[in-house]
Amino acid sequence: MSISIPRKKSHSGYRRRENDWRLFLRLLPYARRHVRSLTLSILLLVPVAVSNAVQPLLIGQVISLIRKEPSTYEFLRNIPFWQALQFLEVLLVITVIIRLIFTGFQGYLVQKVGQQITADIRQDLFHHVTSLAVRFFDRTPVGKIITRLTSDVEVLGDVFATGAIGIVSDLFSMLMIVGFMFSIQWQLALLLLVMLIPVSALIIYFQQQYRKANYKAREELSILNSQLQENIVGINVVQLFRREKFNAELFRKTNTRYVKEVDKTIFHDTAVSATLEWVSLVAIAAVLWIGGYLLLQNNLTFGTLSSFVLYAERLFQPLQQFAEKFTVIQSGFTAIERVSDVLDEPIEIRDRANPRVSVFDVQFGYIDEIVEHLESEAEHSKPQLGEIKFEHVWFGYKEDDYVIKDLDFTIHPGEKVALVGPTGAGKTTIIRLLCRLYEPSQGRILVDGIDIRELPQAELRRYMAVILQEGFLFAGDVKSNITLADGYSFEEVQQAAEKTNIAQFIEQLPQGYNTQLRERGTNLSSGQKQLLAFARAAIRNPQILVLDEATASLDVGTEALIQEALNKLLIGRTAIIIAHRLSTIRNVDRIFVLKRGELIEQGNHEQLLQLGGLYATLHNLQMLGN
Ligand SMILES: Nc1ncnc2c1ncn2[C@@H]1O[C@H](COP(=O)(O)OP(=O)(O)OP(=O)(O)O)[C@@H](O)[C@H]1O
């Protein structure tokens, strides 16, 4: 178990920082599905922004009116004082009510849409990740994928949940305020505007720094989660080999790095708030200083000065909110960038757009028909389907490092072939290639004369059943672990269990077929898990059966029971059996002996013994062992 996860120096944050605009465009298809709610929520921001900008003006007018200053609007001067005052107060109350109601409703709407968009993205990510080729999972730590699917998507949701979309309204508010200010008194308006420019530049700088730190923090979080996941999954090894202290130290180091990066984000975030805090006070002081001077010179009324004191505060207030939201949006962009990394991961193994053929078209319409056909005639005639052909197949997990070299063989319908060879010879790899979990670098693989790349993957995998050494079980009951949501009836499940001689074992479980299994089947033994894997294969009536060390974890008694069931199951089907214990494959039709990815011997047990090659050596060694 390796705990250290290579830390890429040039992570994609540096490698390819997509510009924000392009990242934003990635959200558009999702936003388009909720276009009405989104438009409404943006439209609602307009009256909120207008009310916000109008309030200081109204307050200034009230003061001017009371002090009978010339800056009072003409039409207010022409109506009785109390009526004018009432008019301004009513307007003020209306603006307050508009802000109150619309802000609340808008917030609710945006959050609701945000949650839906987040759920859509999460769903797409899940679908995409589960469609990716095994190669992707070979190189990507699970924790990293989980972080992207959970917390990165969550951060994206925060963009909506915190109302960061209201950034539009903050911008609009600022524009409205600037407009109103210039309409009242241009010198003071200019003063505030000039102050706004360097402050905005400073904020943009801090935000950029924040973004960089945030990307790194998210990367560290991925590593942290990977370590966590690895330690939990491998808890037995961790405890048996007393790695707790050592792993805790590794974890502490990553944790410290994570906290350091988060600290940086906090620093840049608070730097923005602090800057804005004092700038808004300086702005008020500047307005009072210059405004006071103008007032003393009778170039400014008291009412207008009051309006500007309020404007100075309000101009920086949206900027402050803008900065806060900008921080959330920056994290959101980081999240889109990271989520996009996964979404952009090409699906290496795809079905052809128009698959030319279907394996089921060959002779029968549907697999069950094939099986029915086989079961009725199997005893008497040789099956016609289930041929496997490897044509000069080469393959390497890494480019040019071939682990399968020029494999060229045909397995005839109904033939039972065993793959033997030393550890690492490439036996499992052959199975993976046959199931199209990986694609050959050169050559092709044919099933019943059809190149497997021409077949939809679902059909190919329905045509064959693979039983691995480690049966994987999902959380759920025994029944659903056999059907795997394929719509088989309870009777069929029972029949499959009986066919594989495991019905008795299932009935002994506390609730029989309804016994709940824990995640990864931790409440069953390895042998018991394996038994369920046999039933899972049997119910599917596969034409090709692949057993990869499938009986290795069974005790001798159970193995004999399963072997008997297997013998029945194998009738009329092609089978590939991987086994290390050569005694279990003595009766197969042909044995392929592999060494470093090459097929070096083939024949039946007797022939190979006579040949006196690698098989004979392995056989003799095992005989000595017994
Ligand atoms: N996912 C992988 N990524 C990179 N290399 C791999 C991967 N899986 C297997 N290999 C390498 O490919 C070679 C063949 O492996 P394979 O699992 O096919 O051997 P095998 O014959 O099934 O071995 P065993 O008998 O131990 O199960 C080995 O050298 C192994 O290290």
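Predicted model: local features only at pLDDT ≥ 70, side-chain atom pairs only at ≥ 80, totals over all residues.
The protein comprises 626 residues, of which 36% count as buried, and its secondary structure amounts to 22 helices and twelve strands. When contacts between residues at least 6 apart in sequence are considered, 80% of them join residues at least 24 apart.

One of the helix pairs is formed by α3, which spans residues 35–66, and α12, which spans residues 302–343; their axes lie 7 Å apart and the angle between them is about 155 degrees. Because angles over 145 degrees count as roughly antiparallel, α3 and α12 are therefore described as roughly antiparallel to each other. The two helices cross in a right-handed sense. On the side of α3, the contact involves Asn-52, Pro-56, Leu-57, Ile-59, Gly-60, Gln-61, Ile-63 and Ser-64, and these meet Phe-302, Gly-303, Thr-304, Ser-306, Ser-307, Leu-310, Tyr-311 and Arg-314 of α12. By class, this contact contains seven nonpolar residues, eight polar residues and one charged residue.

A second pair consists of α17 (residues 490–499) and α19 (residues 526–539), whose axes come within 8 Å and cross at roughly 120 degrees. The crossing of α17 past α19 is likewise described as right-handed. Here Glu-492, Val-493, Ala-496, Ala-497 and Lys-499 of α17 meet Ala-535, Ala-538 and Ile-539 of α19, and the residues of this contact divide into six nonpolar and two charged, with no polar residue.

Thr-500 is placed in the loop between α17 and α18, the latter covering residues 503–508. By contrast, the C-alpha atoms of Thr-500 and Pro-440, which are 60 residues apart along the chain, are separated by 34 Å.

Around the ligand, the shell is made up of Asp-138, Tyr-397, Val-403, Gly-421, Thr-423, Gly-424, Ala-425, Gly-426, Lys-427, Thr-428 and Thr-429. Helix α14, which runs over residues 427–434, gives the most to this shell, with three residues. In terms of class, the shell holds three nonpolar, six polar and two charged residues.

Terms used:
Residues numbered from 1 in each chain as written. Axes fitted to C-alpha atoms, helices over the stretch in contact; angles between N-to-C directions. Helix = DSSP H or I, 4+ residues; strand = E, 2+ residues; numbered from the N terminus. Left-handed = near helix turned anticlockwise from the far one by under 90°. Contact = placed C-beta atoms within 7 Å. Nonpolar A, V, L, I, M, F, W, Y, C, P; charged D, E, K, R; others polar. Near = placed C-beta within 6 Å. Buried ≥ 20, exposed ≤ 12 C-beta atoms within 10 Å, placed from the backbone. Parallel < 35°, antiparallel > 145°, perpendicular 65-115°, else oblique.
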